[in-house]
Amino acid sequence: MRHLFALLALSGMAMAADIYPRAYWENSVTVWFWVAVAIYLIVAIPSIYFMIKYRYKPGENEEGAHIEGNTAIEIVWTVIPTIIVLFLGTYSFANFVKQRKAPEGALELKVTAFMWGWEIEYPNGKKVYTFFNQVSDPEKNMYLMPDKIDDGVKAYIPAGKPVKVYCTSRDVIHSFFVHEARVTEDCVPGRITRLWFQFNKPGEYWVFCREYCGTWHSRMATVLKVVPEAEFNKWLGGQQAQQPAQTEQAPQQVQQ
Amino acid sequence: MAHEGTHAAHHETSVWALPVGLSTFFLSLAAIAHFTWHLPFLAVLSGGVGLALLAIGIAGWANEYFSKGHDEGLGFQGIVWFVFAEVVIFGTIFAGFWMARVTHADVWVREWIPQGGMNLALVALLTLILWTSSFTIWKAEHSIEEGDLGGYRMWLLATMVLGTAFLVLHAWEWLHLWHKGFTISSNMYGTGFYMLTGVHASHVLVGVLMQLVLLINSGKALNKKTPARAASYYWHFVDLAWLLVAGTAYIVGSYGKF
Amino acid sequence: MAVAHAPTTGTWYGATLKEWIFTTDHKKIGMLYFITSLVFFIVAGIFGLIIRFEQTVPGIQLPGLFGQEGTDLYNYILTGHGAVMLLWWAVNVWMGGFANFLVPLMIGARDVAFPRLNAFSYWSFFGASLLVLLTLIPGNWIKMLWTGYAPYSMNDNAGPTSLYVLIVLLYSISSTGGSVNMITTIVSMRAKGIGWTKLNLFVHAIMAASLIQLFGVPSLMGSVILLFTDKYLGTNFYNPMLGGDPLLYQHLLWFYSHPVVYVMILPAFGVFSEVISTMSRKPIFGYISMALAIYAIAFVGFETWVHHMFVSGVPDWLRVLFSYTTLFVGVPTGIKIFNWVATLHRASIRYNTPMLYTFGGILMFLIGGLTGIPNAMVSIDLGISDSLFIVGHFHYVLGMALTFGAFSGIYYWYPKVTGRMYSEGLGKLSFWLMLIGANIMFFFQMYMGMANGMPRRYPDYPPIPEWVQLMQIQTVGALIMTVAILLNLINWFKSLKGPKAPDNPWGSPSLEWSMTTTPVGPNNFKKFPVEVPEDWHPYAYYKGYHAHV
Ligand code: HEA
Ligand code: HEA
Ligand code: CUA
Ligand SMILES: [Cu+2]
């Protein structure tokens with residue numbers, strides 16, 4: 001039951017206005033959810049009503065009525081869904097544009113996926129590697145929670161700043177799924193794909209590989225450690241002088 | 001089929017579908033044994049069994065078809081539908097070829113075309129051979145429709161000779177290019193070239209084998225005319241496909257900058 | 001082959017072993033297909049239970065065997081579950097089993113157009129089944145999942161590529177033969193007087209599905225043939241270094257593998273239509289639009305494949321375009337749903353097991369279809385692609401709508417095929433258990449994908465308490481489902497000795513009921529060639545046909 005309420009809550013409001021592009025994603029989900037519930041009820045209520053009302057009662061309704069169709073009503077239930085479908089497609093299109101277009105001034109990361117781990121390269125050349133066995137406890141053969149994972153394998157991310165990821169792969173197809181931001185893009189050998197996200201609140205967030213890639217697909221994860229910008233710059237180290245302009249910036253507001 | 005003419009309850013049977021069906025399993029097993037398990041003995045054994053089942057099955061099937069029952073006339077329609085499927089198979093290779101041709105237009109023209117380009121005179125000759133064979137099979141079809149068994153056999157044979165000549169010339173051309181260093185793994189042009197022409201050639205081979213089956217059974221062909229029509233139609237398809245294949249593999253492949 | 005004065009003695013199945021093995025009769029071949037499908041369904045279902053076992057708690061439970069990790073075993077099991085459920089159960093229970101048995105009976109034909117080709121199709125399918133069994137041998141586990149994406153499927157980590165390719169090829173050969181056969185049969189072998197507007201909707205569904213198979217399967221064949229040549233003969237189709245493109249594989253795969261979902265669901269729709277009309281004693285509402293909607297779905301189905309590649313790196317405009325085309329499938333599908341509901345209006349509904357499974361199937365399809373919509377909305381798909389939401393979506397349509405449809409059909413035609421009545425009480429019990437179990441299982445699967453963003457194909461996941469709890473609820477549902485399916489199997493077996501059924505227990509004007517004995521005789525009809533009166537229609541219930549049960 002708790003989960004049902006959570007589902008309603010999820011579809012009732014944007015829970016995570018602090019996370020992008022999740023906020024746009026939630027807009028679309030909300031609209032879809034209520035449309036779907038409405039359509040379900042519009043179909044289910046009459047059918048259950050008919051199921052009960054027109055059940056076979058000996059002597060009363062031995063045979064069904066001889067009705068073969070009704071053109072007018074059939075046109076109605078062709079045209080109305082067409083309109084709904086156009087609306088849903090266009091609403092999703094509008095949000096999609098925002099989900100795909102990173103705001104100006106984003107931090108750019110180059111991600112290279114491999115079997116099974118990630119190489120994340122910062123603009124100053126600093127690289128973070130996460131291998132599948134670094135997110136798990138070898139003895140229990142089980143995932144670690146982020147707080148138990150070595151900070152050295154986490155990718156630091158400045159809070160309140162858009163981050164643009166360019167992804168490719170060294171071997172097979174993987175997918176860079178920024179879990180809390182609800183955005184993913186496959187990393188394909190021979191191609192560079194892109195996505196963007198932004199976390200306004202510091203914290204630790206999972207990244208999972210979401211395209212099947214073999215034995216350790218399910219452990220091909222890493223953690224984004226979102227920290228205030230100053231701390232991020234400290235972590236990024238010596239070369240912060242290369243990007244002085246960004247040090248002073250306040251958290252950027254993304255257009256809703 | 002079995003029990004033809006009896007008046008007791010009929011359970012229609014035919015022995016021949018089973019061996020042909022299972023031959024696909026044995027041939028697959030042979031391929032797996034060769035490529036994955038590296039068991040040459042199993043590969044040869046299973047391949048042999050598969051081919052034997054296939055040959056016996058098809059021979060028996062054709063014989064049964066020509067000897068029993070009457071011509072339902074549906075075979076032609078069956079082949080028409082089947083050709084739709086074939087078109088899509090060719091389509092997949094074309095898709096790969098054209099995608100690469102468009103996205104890699106630069107390197108393609110600069111590096112991938114073999115020295116001296118393609119031998120277009122030979123292509124013209126190959127085309128001429130195939131088109132002539134389209135004519136000869138059309139003659140064969142007409143002969144049988146007019147009940148001229150001798151003509152039917154002669155034109156069938158002529159078609160088979162032309163088809164075989166096409167294959168031999170084509171193989172010679174492949175060897176020649178391969179020796180020049182233009183192989184199936186060189187780049188997407190090599191890949192696309194050999195796959196398109198190779199898959200097409202395999203269809204020519206199937207067509208010739210169809211004609212062989214018809215020729216062997218030609219003695220009983222007079223009241224079973226549909227197979228001749230069907231084989232002829234299939235052959236026209238193979239000839240028509242050649243236009244696109246040759247146009248793509250030779251001309252689109254080796255000319256122009258896009 | 002066609003015998004004008006067919007005797008009516010005997011049953012279709014009362015033949016010697018030799019006659020079974022060499023049979024070219026559509027009913028026996030249909031039954032061979034059906035049994036193969038059912039056996040593989042049970043195997044794949046047990047695989048599904050192993051998946052549940054692994055996911056119920058975080059960490060890796062499956063043992064590492066034969067030098068492979070536990071996750072490798074999981075990946076193999078998941079590959080088997082997906083591929084077998086889709087190709088052996090969802091496609092072939094219809095295209096092999098139901099279609100073969102029923103289509104000639106429904107159109108008044110003595111057999112399909114090419115009986116020997118039909119037998120050939122079955123035996124190559126049988127060969128494919130043997131190849132599937134070979135994967136059980138350690139070292140031959142295929143771990144590339146049913147989609148077999150290149151370039152992973154060429155990687156040695158993925159298992160024997162050649163085996164995967166040949167399984168798919170034999171399946172394709174069999175399917176191509178089968179669809180050529182079905183199309184020719186429906187086009188050319190209808191009995192005199194049965195025009196296109198007098199075909200059962202089930203026959204229309206098989207016609208559309210066969211067309212999809214005919215145009216789609218070769219694309220699948222192409223995708224795996226190129227995989228084969230890339231791996232073993234050195235071609236470059238999927239090799240980006242020398243001009244190839246891994247996405248070509250996905251385009252070719254989905255060009256078939258999207259439309260194929262309609263091969264799976266349209267025949268289920270066909271069964272829903274037959275059962276609803278029969279059990280309501282009322283012609284189907286809007287017959288013409290129902291038939292047109294079937295072909296519209298099949299046609300639009302070929303224009304939507306990129307929706308499986310929304311996050312694969314294809315250009316943004318392509319995603320938006322295919323988002324719209326995909327959403328449009330909802331319109332003809334909606335027409336079907338609304339027409340079914342309208343058929344119930346002023347009906348006389350008999351509640352028996354086939355009818356319950358049909359109602360359940362329709363209402364669950366509605367959930368499955370409506371949860372297909374967010375996947376098609378490209379904005380939402382960015383967040384849920386390759387998550388358990390997708391898995392939940394397709395289990396609603398496959399594990400429920402389709403499977404309920406197949407079960408409904410099995411109960412509905414059970415008397416005609418076996419000559420006996422099934423047990424109604426057991427059937428109804430199994431329905432309610434199945435409905436409850438499946439909803440518990442698949443609702444929470446779907447929920448986890450949307451609310452928790454749980455990725456799919458994960459044997460292991462972080463031990464977040466809420467995730468663990470959601471996984472455990474699903475397992476409970478799966479166990480209830482298992483009991484339900486077992487009850488069905490028991491019912492079908494035990495009822496082989498059940499009470500004898502009359503020739504037309506449901507009082508249906510459709511040919512397979514009204515013109516044959518029960519069980520069907522070896523030569524199909526009481527009188528052949530079949531003749532139907534001018535005003536005959538398969539749904540003409542008002543013409544004085546009466547139900548016996
Ligand atoms: C029988 C099987 C079946 C069926 C019928 C469907 C039907 C649909 N599917 Fe589904 N799908 C699968 C089986 C099926 N699917 C499988 C197996 C996968 C995963 C493959 C894999 O990756 O392994 C998948 C994945 C899948 C994806 C890819 C997701 C991803 O990987 O990111 C998408 C995206 O668009 C999608 C969409 C749809 C849509 C829009 C329909 C539509 O046809 C649904 C239409 C129905 C309705 C909409 C309800 C009824 C309509 C009305 C009541 C009218 C009013 C409605 C409106 C106005 C909206 N499906
Ligand atoms: C028709 C299609 C179909 C059907 C019916 C099912 C049915 C089931 N599926 Fe499956 N499923 C797929 C098609 C289907 N599935 C596909 C395509 C995938 C994706 C694969 C991929 O990612 O590539 C998938 C993936 C999938 C997953 C996701 C795994 C992951 O992403 O990591 C899970 C997880 O729980 C699951 C579970 C189940 C369960 C519990 C059932 C249950 O409904 C099963 C019920 C049946 C039984 C339990 C058998 C009952 C019978 C007996 C027990 C009798 C025993 C008797 C004797 C031995 C005499 N399936
Ligand atoms: Cu990398 Cu999955
Ligand atoms: Cu799809």
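How many salt bridges are counted between chain C and chain A? Five, taking a salt bridge as a side-chain nitrogen of Lys or Arg within 4 Å of a carboxyl oxygen of Asp or Glu.

Before you click on, some housekeeping. This is a predicted model, in which local features need pLDDT of at least 70 and side-chain atom pairs count only at pLDDT 80 or more, while totals for chains, interfaces and linings use all residues. Residues are numbered from 1 along each chain as its sequence is written, chains are lettered from A and ligands numbered from 1 in the order in which they are written, and side-chain values use heavy atoms, leaving out hydrogens and water.

**Stop 1: chain C against chain A**

Show chains A and C together. Here 101 residues of chain C are in contact with 87 residues of chain A, contact meaning heavy atoms within 4.5 Å. The size of an interface is often given as the accessible area lost when the parts come together. For this pair the buried area (the accessible area, with a 1.4 Å probe, that two parts lose on being put together, summed over both) is about 8,100 Å², and carbon and sulfur atoms give 66% of that. Select C:F338, C:L382 and C:Y458: they supply 8% of the area that chain C buries against chain A, more than any other three residues.

Now pick C:D316 and A:R194, whose side chains form a salt bridge at 3.4 Å, N to O.

Helices here are DSSP runs of H or I, at least four residues, and strands are runs of E, at least two, numbered from the N terminus. By class, that side of chain C has 61 nonpolar, 24 polar and 16 charged residues. Ala, Val, Leu, Ile, Met, Phe, Trp, Tyr, Cys and Pro count as nonpolar, Asp, Glu, Lys and Arg as charged, and the others, Gly among them, as polar.

**Stop 2: ligand 1**

Of the 32 residues around ligand 1, C:Y262, C:D381, C:S385, C:H393 and C:R456 come nearest. Chains A and C both provide surrounding residues, so the site is shared between chains. Zoom in on C:H393, where a side-chain N or O atom is 3.0 Å from a nitrogen atom of the ligand. A backbone N or O atom of C:A376 sits 3.1 Å from a ligand oxygen. Among the elements giving two or more residues to this shell are α3 (71-100) of chain A and α8 (259-280) of chain C. The largest share, five residues, comes from α15(C).

**Stop 3: ligand 2**

Which residues are closest to ligand 2? Pick C:Y74, C:H81, C:H395, C:R457 and C:M481, out of 31 that surround ligand 2. In the side chain of C:H395, an N or O atom is 2.7 Å from a nitrogen atom of ligand 2. For C:Q55, a polar side-chain atom lies 3.1 Å from a ligand oxygen. Colour α3(C), which provides the largest share of this shell with seven residues. The shell splits into 19 nonpolar, nine polar and three charged residues.

**Stop 4: chain C against chain B**

Bring in chain B: 69 residues of chain C are in contact with 55 residues of chain B. The buried area is about 5,400 Å², with 73% from carbon and sulfur atoms. Two salt bridges are found across this interface. Look for B:E64 and C:R116, which form a salt bridge with their closest N and O atoms 2.6 Å apart. Then highlight α6(C), which gives the most to the side of chain C that touches chain B, with 13 residues.

**Last stop: A:E119**

Go to strand β3 (residues 117-121) of chain A and select A:E119. Is A:E119 buried or exposed? With a relative accessible area of 7%, A:E119 is buried; buried means under 20%, exposed over 50% and partly exposed in between, using a 1.4 Å probe and protein chains only. The side chain of A:E119 makes a polar contact with the side chain of A:R170 at 2.8 Å.

Key
Polar contact = N/O pair within 3.5 Å; in protein donor to acceptor, adjacent residues only side chain to side chain. Near = heavy atom within 4 Å.
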